[in-house]
Amino acid sequence: MERIRFFLERINHVRFVRYLLFLFLGLFLFAALYVQVKPRQYELRLFDIATETIRSPITIEDKETTEKLKKEAANKVADVYTLKKEYAENRVDLISSLFTTIVEIQDEAKGKNKEQAEMVDKLKERLPQEWFSYLSESEWEKLLQADPEDINTAKEAAVTSVHSIMAERITKSELEKARAKVQDELKYIILPPSLEKIVIKLTKQAIIPNVIYDRAATEEKRRQAMDEVKPVKILQGQIIVEEGQFITNEIYRQLQLVGLLENERSFQPLIGLFLFVLLLLSPVVYYFGREKTNMNLFVYATIFTIMILVMELLRLIPESDAFSSGYLVPVAFGTMLVRIFIGERMAIITSILFAVCGSLMFNEEFGTNGTMQVSLAVYLVTSGLAGSFFLHKQLRKAKIWQAGVFVAFINVVVMLALNLLKNGHYSLAETGMFLLMAVASGIFSAILTIGLLPVLEASFGILSSMKLIELSNPNHPLLRKILTEAPGTYHHSIMVANLAEAACEAIGANGLLARVACYYHDIGKTKRPRYFIENQIGSNPHDHLSPQLSKNIILAHVSDGVAILKKHRMPKEIIDIAEQHHGTTLLKYFYHKALEQMDYVPEEEFRYPGPKPQTKEAAIVSIADSVEAVVRSLSNPSQEKIEKIVRGIIAERLQDNQLNECDITLKELETVATSLCETLNGVFHSRIEYPEIRKEKVRHA
């Protein structure tokens, strides 16, 4: 243990070591969570037989299948045809102009005895050539020979028929069916039979398809059909292949897609975990990056590592539907240790970190579906916070057991609440198992905290608040030694402790450390208690000693005290304050007494060996020690006298350069002076002088 503390003290202020600790925490956490993040992979080949049922580890879109379904949907969309109403008008005009032209040619031929062939030629000149393929030469001649009234009747019937039939959609495939309707439309007209047949032929030819292929509309409709196809997804937990099934091409492709084949290497989980760990440890880096020393970071890294290792060990316990080892995690012990050694704020942050890590590590599905158990996270963070909050005010080791019971109670309440929220239907045995795990978590937290607390204190040489409270117990052997062997010194130490604690707390220093250090700072006086004025009754032994011998006895109480404290393995901080509480101040009384006997006396011989106070706490204890001794010597101290003494002693310490080696400021010294005056005025306040009671009044009392 001594070697560990020596090593830590050597590298305590090295910034490079701090970065190494941050790196260690990051790598350790990355390694601990990687097992859960790393996707499970199988060594499978096409047409192998699956030895187990394999489920999809993630939810992912099967783009190939989705694209295939989209193409099928597009192919099912029929071509879009658009009805052209103008086609009907055009064909009506065309059939109408045909009969009009015939009537015109008939009119022109009247009285001119033109040949029928000549009239047909003239008709060919005026009509589109395609019409002449519909009728024979003789039929055209019959048409030209027809009575004009019959032509007009035929014209009206043909126009009506064409308009009626082409008002409906006619595709190429429906053309013959549409033309067949012409005969039905014209069967009621009164025409010579020969002329009727010719009109029917012409009218049929006037009927044409009136819808055309609309490419843009077709493509839009196909696009809509493709958009309506929902993406095909392989869902997390979905069975891809069952045990004993052949690995077909499709199954192999799906296994490849979800990354379950060993020949597939995905770095996405590693990148995601790296970013997650970076985010998770950022509060730790921010908190400890501002500290001047690395000791707290060493302690935190140790606690964090132990906590993660405990989680890893518990994760090895087989789980069942009624048992989850995650609820056994004694997360409160980590937060309680952080609360004791570092502080409440870091304990709160740590409880969140442990909850997140635990919810990931104990989620068996995290490596497959990327989720974490929210209920377990809530349970762990509540458990951790409960342990930290219970120790908020009473940092005594005896309270750790109570903290464990409190954590167990909170765990039970949270467990019941979560089970009720999930509307789970658990049997009495399952409910009892869950509650038993909740209670065990709290009890284990207390056991681990009590067991690791002294180990960490001894390993890192840390003086925790709980340790200080233990050392302040009046039943401590050294305090009993002072009380029984030097009661005056004991009373003096108590008074100095009150002064120093209040002054330290006023400037934000460690008041508890100052108080406990004051209890032990004069332990060296127990070696020769009668040579110190607070323990003297009657004569003063120094009256019969030389100033040099008296000086040696007085100065020796510092080194004697340090030796006693080291012998009893007291914390280094308390030993340092005991060694520094007089600094290198001058023992004025015996120095001036020696000057009365000799012409020259080296001042250095009558100074304490030091060292000077190195911390604010040591400086305040030094000032409070002198102030209490001087004020106690006054017969009737007033507020003015007390303030004059306090400020005089502080000024003397500054002039003597006793405070040069600690980081206390003049502003803080002003605050210390005010606090000391307030405390002393409360102790040495003026009292009512009671009149003397006459004896005769108390004779029968």
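The crossing of helix 13 and helix 19 is right-handed, a crossing being left-handed if the near helix is turned anticlockwise from the far one by less than a right angle, and right-handed if clockwise. Helix 13 (residues 295-315) packs against helix 19 (residues 428-460) at an angle of about 145 degrees, and their axes are 11 Å apart. Axes here are lines fitted to C-alpha atoms, for helices over the stretch in contact, and angles run from 0 to 180 degrees between N-to-C directions. From helix 13, the contact draws on M295, F298, V299, T302, I303 and I306, and from helix 19 on L452, L456 and F460; contact means heavy atoms within 4.5 Å. By class, eight of these residues are nonpolar, one is polar and none is charged. In this classification Ala, Val, Leu, Ile, Met, Phe, Trp, Tyr, Cys and Pro are nonpolar, Asp, Glu, Lys and Arg are charged, and the others, Gly among them, are polar.

The model is predicted, with local features requiring pLDDT of at least 70 and side-chain atom pairs counting only at pLDDT 80 or more, while totals for chains, interfaces and linings use all residues. Residues are numbered from 1 along each chain as its sequence is written, and side-chain values use heavy atoms, with hydrogens and water left out.

**Overall composition**

The secondary structure of the protein consists of 29 helices and six strands. Helices (H or I, at least four residues) and strands (E, at least two) are DSSP runs, numbered from the N terminus. Of the 701 residues in the protein, 46% are buried; buried means under 20% relative accessible area, exposed over 50%, and partly exposed in between (1.4 Å probe, protein chains only). Among contacts between residues at least 6 apart in sequence, 78% join residues at least 24 apart.

**Helix 7 and its surroundings**

The contact involves D150, A154, A158, S161 and V162 of helix 7, together with L195, V199, T203 and A206 of helix 9. Six residues of this contact are nonpolar, two are polar and one is charged.

Helix 7 has 18 residues and reaches 25 Å from its first C-alpha to its last, close to the 26 Å expected at 1.5 Å a residue; the expected span is 1.5 Å times one less than the number of residues. Its buried residues are I151, A154, A157, A158, V159, S161, V162 and I165. The elements covering these buried residues include helix 4 (85-109), helix 6 (137-145), helix 8 (175-186) and helix 9.

The 21 residues of helix 24 (residues 547-567) should span 30 Å at 1.5 Å a residue, and the end C-alpha atoms are 30 Å apart, which agrees. Helix 24 is followed by R569, whose phi is positive.

**Backbone exceptions in loops**

Most residues other than glycine have a negative phi, and most peptide bonds are trans. R569 lies in the loop between helix 24 and helix 25 (572-580), and N657 in the loop between helix 28 (639-655) and helix 29 (666-683). Their values are tabulated below.

| Residue | Phi | Relative accessibility |
|---|---|---|
| R569 | near 55 degrees | 77%, exposed |
| N657 | about 60 degrees | 37%, partly exposed |

A cis peptide bond joins G610 and P611, with omega about 5 degrees. P611 belongs to the loop between helix 26 (588-597) and helix 27 (616-633).

**Two buried helical residues**

S388, in helix 17 (residues 374-390), is buried, with a relative accessible area of 0%. Leaving aside neighbours within four places in sequence, S388 is in contact with T335, M336, R339, E344 and A347.

A74 is found in helix 3 (residues 63-76) and counts as buried at 10% relative accessibility. With neighbours within four places in sequence again set aside, A74 is in contact with R222 and M226. A74 and E219 are 145 residues apart in sequence, and their C-alpha atoms are 8.8 Å apart in space.
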